[in-house]
Amino acid sequence: MKISKTSSLVMTLLSIMLCFLRAKSQGVYCSNPYQLCFQKYILCPAECPSTGAAATNNKVCYVDCRNILCTSECRRASLNCNRPGPACNDPRLIAGDENVVYFYGKSKEHFSLVSDPDLQINARFTGHRPAGRSRDFTWVQALGFLFNSQKFSLEATKVATWDDSIDHLRFSFDGQDLIIPEEILSTWYSPKKDIKIRRATKMNSVTVTIKDKAEIMVNVVPVTKKDDRIQSYKVPSDDCLAHLEVQFRFLNLSPRVDGILGCTSRPGFQNQAKSGAAMPVVGGEDKFRTSSLLSHDCRTCIFTGLSSSIKWETGHAVLDLDCTRGASSGYGIICRSRK
């Protein structure tokens, strides 16, 4: 009888432990000591058990460790140009103070979006300048990442005509091309397991996770005929201007963080764009320009390649988006401008 009771107790404990371990793979641990939910493990809802890929209902788990309720919720795994955080279409920014500002950039040039001691994120712009215009229409065509001693990139490939049945994403890591199978949830890990790229759909949509620093959702889309008709982009016949729609979600940026987007998350950030303007423009092309997609040689770049064990409170650590084209909260580059 004792053996039976002991066996029953062991089985019960094993079941509890298995449930616990399973739950641990479907939640978020709040590791920032400056956030309200510090040291709490917040489980994801059953209908969206993962933060990194969409469930069958096209939703992902979102956890805000700054919220006093310390709860999770399901949000649509899509980019929303009407909420803070995305980088969609002809880029504009939602700064750390939640005001919309515009950054023009220039086609085929590279600019620092985020520069921190252990993380650098650059963007390469693609664009088009119709006759009679003094500036390019620009879109984000590629992202370059430097994380500690590693370098990787993803980009939208150039095509004349858009085809949904073809993957238009190209990846590289430390100078070598990456091949990620075209299957939902196909996942690639860096050798140190601190960088993860996972396909959200078979093609043209991935989530990039950088351990303890960022989560980035990326879609590839063309400039559509509707966009062209509304904005008068006059898209050339040999290039549909395929570009990236991006959602950033940042964690533990340092108080010194710089870059077009990063500087807006600094404590005490002061928006230099003209308040009340119909199109408030933030300048600084010269100070944010880098020589290549994977360089950190801009005038304000602070990337050193050295990791830090210090956890920072930024006040604006989490970014968000949902472009109607079809995912959490924050400040980033978004949507269309009327330049």
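Which residue in β19 does F111 stand opposite? I found F111 opposite R289.

Basis of the entries. I worked from a predicted model, in which local features need pLDDT of at least 70 and side-chain atom pairs count only at pLDDT 80 or more, whereas totals for chains, interfaces and linings use all residues. Residues are numbered from 1 along each chain as its sequence is written, and side-chain values use heavy atoms, with hydrogens and water left out.

Entry 1, the sheet. I took strands as DSSP runs of E with at least two residues, and helices as runs of H or I with at least four, numbered from the N terminus; two strands pair if DSSP finds at least two bridges between them. I traced an open sheet of seven antiparallel strands in the order β13-β12-β11-β10-β9-β8-β19. At its edges stand β13 (176-178) and β19 (289-290), each with a single partner strand, so one side of each lacks a neighbour in the sheet. I noted two bridges between β19 and the antiparallel strand β8 (residues 110-116).

Entry 2, strand β11. I counted residues as buried under 20% relative accessible area, exposed over 50% and partly exposed in between (1.4 Å probe, protein chains only). Six of the seven residues of β11 (residues 150-156) are buried, so the strand is largely enclosed by the rest of the structure. Six bridges join β11 to β10 in the antiparallel sense, with L146 opposite K151. The two strands form a hairpin with two residues between them, and N148 in the turn has a positive phi of about 55°. Towards β12 (residues 169-173) I found five bridges, again antiparallel; F152 stands opposite F173 there.

The criterion is ring centres of Phe, Tyr or Trp (its six-membered ring) within 6.5 Å, with planes under 30 degrees apart stacked, over 60 edge-to-face and the rest tilted. F137 and Y233 have ring centres 4.8 Å apart and planes at 85°, so this pair is edge-to-face. F137 lies in β10 (residues 137-147) and Y233 in the loop between α2 (225-231) and β18 (243-250), so the pair ties together parts 96 residues apart in sequence. Both F137 and Y233 are buried. F145 and F152 are stacked, at 4.5 Å centre to centre and 5° between the planes, and both are buried. I also recorded F137, W139 and Y233 as one aromatic cluster.

L36 lies in the loop between β1 (27-29) and β2 (41-43). Its relative accessibility is 57%, so L36 counts as exposed.
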